[in-house]
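Please read the following report alongside the sequence and the model shown here.

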Amino acid sequence: AYRQRLGVDETTPLVGIFGFLKPYKRIAESLRAFRRLTRLEPRAKMILVGEPHPDFPLQSLVSTLGLSAHVRVLGFTPIEDFAGYVAACDVVLNLRYPTVGESSGSLLRALGLGRAVLVSEVGSFRELPDEVCLKVPVDQSEEDQIFEYLNLLVSRPDLAQQLGACARQ
């Protein structure tokens, strides 16, 4: 139902970023990597669900990167819709740097809903089992690694589903 709300069919790759949309969630890096993905898979879409940060010009960044046709900023949504949008995604990006050792409610929700998830390889996220998420180093290769993982999971939906199934278990 949530894919239908977005005008996205079941074969369209859908990537999501969830929660308070702050710069430390590696959103700029994720958008640049996603732009590369759309060159290989023009059907790919991304949603950003959560309250935008007042000092982070998210909509402007989306426009500047030429992603307006591929990326929708949905803003704050009630928890039922938030969960529905998470469930609608094929891949969820839950990247953070720096981190202060916090837990992520949106990450736990995505794992529980059986979504393929990318996390930053920092702090407590390092402790997550490799079979439930893909870990992105926070170094000069970060953007390339996000792109490579997105490309892998979009081109091999069976791997994304397998990763999500392990996460749900």
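The model is predicted, so local features need pLDDT of at least 70 and side-chain atom pairs count only at pLDDT 80 or more, while totals for chains, interfaces and linings use all residues. Residues are numbered from 1 along each chain as its sequence is written, and side-chain values use heavy atoms, with hydrogens and water left out.

Helix 6 covers residues 142-155 and reaches 20 Å from its first C-alpha to its last; helices (H or I, at least four residues) and strands (E, at least two) are DSSP runs, numbered from the N terminus. Among its buried residues are Ile146, Tyr149 and Leu153, where buried means under 20% relative accessible area, exposed over 50%, and partly exposed in between (1.4 Å probe, protein chains only).

Leu118 is in contact with Ile146, Tyr149 and Leu153, among others, contact being heavy atoms within 4.5 Å.

A search of the whole structure finds eleven salt bridges, each a side-chain nitrogen of Lys or Arg within 4 Å of a carboxyl oxygen of Asp or Glu. Three of them are listed here.

| Pair | Closest N to O |
|---|---|
| Arg32 and Glu143 | 2.7 Å |
| Lys135 and Asp130 | 2.7 Å |

Arg32 lies in helix 2 and Glu143 in helix 6, 111 residues apart. Lys135 is buried, with a relative accessible area of 12%, whereas Asp130 is exposed at 55%.

Definitions and conventions
Expected span 1.5 Å × (residues − 1). Lists of a residue's contacts leave out its neighbours within four places in sequence.
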